[in-house]
Amino acid sequence: VGIFSLSKNPCVGMMWALYASMRHGYCIIYNKDALLKAPGNIYMNDRLMLEVKYSRNAPKADLRDISNGKLPKKLFGTKEIGWSAEEEVRIVTDKSGMQSLAPSALCGIIFGSEMLDRDKKKIKDKLKNRNVSFYQLQRKKK
């Protein structure tokens, strides 16, 4: 399977530190409906969006989970409770590896508070003439 991990909350400091080079990177904002639509007119047939459940214990799967549709959630939608600040959502597909996204899925970029102006300019230049909004992360004083 393929798993594409996302977050509902772009302002978690820990994630900017871990995944965006200590706030020198950027965060991509996606349009949910366009993100689920694969190029080639495949829509929701091979992509399942799961909100991650955080738990102290891994769920136990059994044969009934196949017929009641709970198997994907149990196998791919649970994570250790220590990661709950991520507010993760996962798109699970039946295909592993790199996958194409509909161009309309990209709708915004949040620049990290420590990102260099020249790097922001490169991104803006690459995305000009696209319907993309730009935002700037600010660190709280104190």
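How many helices and strands does the protein chain contain? I counted five helices and 10 strands. I note at the outset that this is a predicted model.

**Entry 1. Overall dimensions and surface**

I began with the extent of the protein chain. Along the principal axes, its C-alpha atoms occupy a box of roughly 55 × 45 × 20 Å. I then looked up the accessible surface, which comes to about 9900 Å². Carbon and sulfur atoms account for 54% of that surface. Of the 142 residues in the protein chain, 29% are buried.

Of the contacts between residues at least 6 apart in sequence, 75% join residues at least 24 apart.

For charge, I recorded 27 positive and 14 negative side chains. The centres of these two sets are 4 Å apart.

**Entry 2. Nonpolar cores**

Which residues make up the largest nonpolar core? I found seven: Leu 106, Ile 109, Phe 111, Met 115, Ile 123, Leu 127 and Val 132. Strand β9, residues 106-111, is the greatest contributor to this core, with three residues. As background, nonpolar side chains in soluble globular proteins tend to be buried together.

Beyond the residues up to four places away in sequence, Val 132 touches Leu 106, Cys 107, Gly 108, Ile 109 and Leu 127.

**Entry 3. Arg 90**

Is Arg 90 buried or exposed? I place Arg 90 in strand β8, residues 88-93. Its relative accessible area is 12%, under the 20% cut-off, and therefore Arg 90 counts as buried.

I next listed its surroundings, leaving aside neighbours within four places in sequence. Arg 90 is in contact with Ile 3, Phe 4 and Ser 5, with Leu 48, Met 49, Leu 50 and Val 52, and with Phe 76, Gly 77, Thr 78 and Lys 79. The side chain of Arg 90 also makes a polar contact with the side chain of Glu 88, at 2.6 Å.

Arg 90 and Lys 142 are 52 residues apart along the chain, and their C-alpha atoms are separated by 34 Å.

Ser 55 is in strand β6, residues 53-55. From C-alpha to C-alpha, Ser 55 and Thr 78 are 6.9 Å apart in space, although 23 residues apart in sequence. A polar atom of the Ser 55 side chain lies 2.8 Å from the backbone oxygen of Asn 57.

Ile 81 is located in the loop between β7 and β8. Ile 81 is partly exposed, with a relative accessible area of 31%. Not counting residues up to four places away, Ile 81 touches Tyr 54, Ser 55 and Arg 56. I also noted that Ile 81 and Lys 53, 28 residues apart in sequence, have C-alpha atoms 8.3 Å apart.

**Entry 4. Asp 65**

Which backbone nitrogen does the side chain of Asp 65 reach? I found that of Asp 62, at 2.9 Å. Asp 65 belongs to helix α3, residues 64-67. With a relative accessible area of 3%, Asp 65 is buried. Not counting residues up to four places away in sequence, Asp 65 touches Lys 60, Lys 70, Leu 71 and Lys 74.

**Entry 5. Positive phi values**

Most residues other than glycine have a negative phi. I looked up two residues against that background.

Ser 21 has a phi near 50 degrees, a positive value in a residue other than glycine. Ser 21 lies in the loop between α1 (13-19) and β2 (26-30). At 53% relative accessibility, over the 50% cut-off, Ser 21 therefore counts as exposed.

Glu 87 likewise is not a glycine, and its phi is positive at about 50 degrees. I find Glu 87 in the loop between β7 (78-80) and β8. Glu 87 has a relative accessible area of 32%, so I class Glu 87 as partly exposed.

Note on methods: Residues numbered from 1 in each chain as written. Predicted model: local features only at pLDDT ≥ 70, side-chain atom pairs only at ≥ 80, totals over all residues. Heavy atoms only, no water. Core = buried A, V, L, I, M, F, W, Y, C linked by side-chain atoms within 4.5 Å. Buried < 20%, exposed > 50% of the residue type's maximum accessible area, 1.4 Å probe, protein only. Helix = DSSP H or I, 4+ residues; strand = E, 2+ residues; numbered from the N terminus. Contact = heavy atoms within 4.5 Å. Areas by Shrake-Rupley, 256 points an atom, 1.4 Å probe, with all protein chains shown as cover. Lys, Arg positive; Asp, Glu negative; His and termini not counted. Charge placed at Lys NZ, Arg CZ, Asp CG, Glu CD. Polar contact = N/O pair within 3.5 Å; in protein donor to acceptor, adjacent residues only side chain to side chain.
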